[in-house]
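Please consider the sequence and coordinates shown here. The paragraphs below them lead through the fold step by step.

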Amino acid sequence: MEAKKSKAIVFSGVNQIELREVTLKPVSSTDVLVETWWSSISTGTEKMALNGLIPSPPFIFPFIPGYETVGRIVEAGDHVNQGLIGKFAYVAGSFGYEDVNAAFGGASQFIVCPVESLTVLDGIANPQCGIALPLGATALHIVDLAEVKNRKVLVLGQGAVGILAAELAKRFGASLVAVTEPHQRRLDISTSDIKVNPEKQDVSVALAGHEFDVLIDSTGIMSAIETGLRFLKFHGKVIFGGYYQRMNIDYSQAFNKELSFIAARQWAKGDLHRVRELIAAGKINAEKIFTHQCTVDDNLMEAYMQAFSDSDCLKMIIHWKHGNEAGEHFPTCNTAN
């Protein structure tokens, strides 16, 4: 049988992106073949990888990036439930390629992957919202670790994860959620109780009278974390919600307040399904982080550079289908209530 071909976004070298044909591995008895409708750009991992800052497998050029993909299942292996064919699913990536590396391989027109790696998007009116599953699951894990019920929570940074963490903290019973963010458009999107722009406001004045039980960092900026620690109460908790190459903060506040520090690695087992159910029930608004879009046939370097550098771009959605076929018949994502 002739090997199936697919077009894919390939990082061919440092700061080099191209759309080219790749060869898929055969669909095994436990695999599915997914046709991609939407993928998106990771502004953390993929930015570092494109700049050549992760020189270890699987980030060896040339490679296919992407771990935020939604598509329709078009073929299923002999040992897979054939009823899945035609359903939309979130795909966390794939290593199913013959002639190129995958890190993590989701930015391809067709994807071969094990059926157990899928999250089927049953119950979600607009399957495009499945793009938000990994960021939502990351935020959910952070909020779980923070144990927010009946607590006052301060979230530093309102990028996509920070926005979802603030919304989920409120959803799971936080008594007050305050956020800090220097980019006004991100603050405008946030649904928190108190919004502080440190470029325009004195943070100490804006948060005067509040002592927080939990601080969630979504900035990675040491000076922001140090400032935030001032507002924690004795025995407060700090959740590090990103990846930090090095920590460098003043220890005196941690010592004097006997603070606890927890690193949130990613999401826990079951979190993707929990976020799917929250979206399906309209309990979180995933759509608000989808601020920008392009098609796979547009200038991909420009799209990636905008996603990496434009502070107004929370999430760049790449459309792999066109016109009405691309989802104009889908309703908007459910809105939180």
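The account begins with the confidence of the model and then turns to its sheets and helices.

This is a predicted model. The chain has an average pLDDT of 94, and 95% of the residues score at least 70. Residues 333-337 remain under 50, with 20 contacts beyond four places in sequence in the model. Where pLDDT is low, the predicted coordinates should not be read in detail.

The unreviewed UniProt entry annotates residues 160-271 as "domain: Alcohol dehydrogenase-like C-terminal". This span is 34% helix and 24% strand, and its end C-alpha atoms lie 17 Å apart.

An open sheet is formed by six strands in the order 12-11-10-13-14-15, with parallel pairing. Strand 12 (194-196) and strand 15 (260-263) each have a single partner strand, so one side of each is left without a neighbour in the sheet. On average, neighbouring strands of this sheet are turned by 15° against each other, direction ignored. Helix 2 (residues 133-146) packs on the sheet and touches strands 13, 14 and 15; its direction makes about 155° with that of strand 14. Helix 3 (residues 160-171) lies across strands 10 and 11, at about 165° to strand 11. Three bridges pair strand 11 (residues 176-180) with strand 12 in the parallel sense, and Val179 has Lys195 as its bridge partner there.

A right-handed β-α-β unit is made by strand 16, helix 9 (residues 300-309) and strand 17. Its two strands run parallel and are joined by four bridges; His292 has Met316 of strand 17 as its bridge partner.

Methods:
Residues are numbered from 1 along each chain as its sequence is written. This is a predicted model: local features need pLDDT of at least 70, side-chain atom pairs count only at pLDDT 80 or more; totals for chains, interfaces and linings use all residues. Side-chain values use heavy atoms; hydrogens and water are left out. Two strands pair if DSSP finds at least two bridges between them. A crossover is right-handed if, with the strands pointing away from the viewer, the path from the first strand over the helix to the second runs clockwise. pLDDT is the predictor's confidence in each residue, from 0 to 100. Contact means heavy atoms within 4.5 Å. UniProt positions are given in the numbering used here, feature names are shortened, and annotations may be inferred rather than shown by experiment. Axes are lines fitted to C-alpha atoms, for helices over the stretch in contact, and angles run from 0 to 180 degrees between N-to-C directions.
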